[in-house]
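Visitor: Please put the model on the screen. I would like to go through it by question and answer.

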There are 2 protein chains.
Amino acid sequence: MAARTVPTRNAARVATAVGELRAQGSRVTKARVAILEVLSTSEAHQSADDVAKAVGEIAPGVHRATIYRTLDSLVSAGLVAHTHLGHGTAVYQLTIAPHAHLQCQRCGLVIDVPQSNLRAVGKRLLDDFGFTLDPGHSALLGVCASCRQADVLQSV
Amino acid sequence: MAARTVPTRNAARVATAVGELRAQGSRVTKARVAILEVLSTSEAHQSADDVAKAVGEIAPGVHRATIYRTLDSLVSAGLVAHTHLGHGTAVYQLTIAPHAHLQCQRCGLVIDVPQSNLRAVGKRLLDDFGFTLDPGHSALLGVCASCRQADVLQSV
DNA sequence: TTCGATGCAAATAGTTTGCATTCTA
DNA sequence: TAGAATGCAAACTATTTGCATCGAA
């Protein structure tokens, strides 16, 4: 059977998040559930704009301003994390295992890496500069393997 | 000798950059020189907006669109580097010793650190993920020592 | 003289805000 | 029913683009 490209929602994760919302005294609305469902659909990192488009498909009529306000609330509530990629865009994801992000400056690919990779540098920055690193909050920019390869070929 | 806090323009650095512009066949204009002077005045990282304001003082009449276009050109020419801080803003600086940036999410402070601090993690990312890190291009987000201190005091 | 650089104005993208209305709890 | 959340429209900020003009080489 051909692979379905329809993103699978993770109902359990959504239910947990909704429960947490209730527990915090926030209200559970159509827009919020839709946004949580969209964020649960895939591991991919989605910008506010991506979220708005996807929400538009499962819950038409949700206004863009609501998307922004709700994403903000969800971040404040600790249910959603956002990461700053290069070029100013922020991407959102349900808070699961925190991880760091590598972004390729050529093709835009985002690679998730376990935070353990940054533990050593984090310790060093704390020791030397008193700086407490938040490894998941901004992407590290660079060039991915395949773009790197393309560079090398081109330079011959 | 005491450090001067007045932003000193670095004429030599500007001259070098101007020479490089000429060498590349680009034209040397009032706007470009002014922007280079502004970028040479201080070690601080300046946003496009900061640059526009400072240029406005030494060379009135330079249009904002020119600031953006020129910063772009200078980056392409390799004379200027830009770094993505959190929240989407980019800051520009003359390309001198490349360095990494730590940004405090509370107070916005930017700390420059030698790239050597990131060498180990860079090697690791290359080995494990084939990702070539560009350590100066995005800031690492976290919390600086004094804000950290404030946090601790507050939580008592 | 030529063509790259600039000024201007308008368009665009992304995000935020005030206010009246809706709907969860 | 109260007040949180939403829809709507408009404001805002940051940045980009087309086009005519200017000016460095």
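Visitor: What is the bridge partner of Leu102(A) in S7(A)?
Guide: This is a predicted model, in which local features need pLDDT of at least 70, side-chain atom pairs count only at pLDDT 80 or more, and totals for chains, interfaces and linings use all residues. Residues are numbered from 1 along each chain as its sequence is written, chains are lettered from A and ligands numbered from 1 in the order in which they are written, and side-chain values use heavy atoms, with hydrogens and water left out. S4(A) and S7(A) run parallel, joined by 4 bridges. In S7(A), the partner of Leu102(A) is Leu140(A).

Visitor: What is the strand order of the open sheet of 4 strands?
Guide: Strands (E, at least two residues) and helices (H or I, at least four) are DSSP runs, numbered from the N terminus. Two strands pair if DSSP finds at least two bridges between them. S5 of chain A and S6 (132–133) of chain B stand at the edges, each with a single partner strand, so one side of each has no neighbour in the sheet. Pairing is mixed, and the order is S5(A)-S4(A)-S7(A)-S6(B).

Visitor: What rotation superposes chain A on chain B?
Guide: Superposition is by least squares on the C-alpha atoms of residues with pLDDT of at least 70 in both copies. The RMSD is 0.1 Å, and the shift along the axis is 0.0 Å. The copies are therefore related as by a two-fold rotation axis. The rotation is 180°.

Visitor: In chain A, which C-alpha is nearest the axis?
Guide: The axis is that of the rotation of 180°. The distance from it is 1.6 Å. The C-alpha belongs to Gly88(A).

Visitor: What area is buried between chain A and chain B?
Guide: Buried area is the accessible area (1.4 Å probe) that two parts lose on being put together, summed over both. Carbon and sulfur atoms give 63% of it here. The total is about 2,800 Å².

Visitor: How many salt bridges are counted between chain A and chain B?
Guide: A salt bridge is a side-chain nitrogen of Lys or Arg within 4 Å of a carboxyl oxygen of Asp or Glu. Over all chains the structure holds 8. Between chain A and chain B the count is 0.

Visitor: Which residue forms a salt bridge with Arg64(A)?
Guide: The closest N and O atoms are 2.2 Å apart. Arg64(A) lies in H4 (residues 64–76) of chain A and its partner in H3 (residues 48–58) of chain A, so the pair ties together parts that are 15 residues apart in sequence. The partner is Asp49(A).

Visitor: What is the order of the open sheet of 3 strands in chain A?
Guide: Its edge strands are S1 (46–47) and S2 (80–84) of chain A, each pairing on one side only. S1(A) is joined to S3 (residues 90–94) of chain A by 2 bridges. The pairing is antiparallel, and the order is S1-S3-S2.
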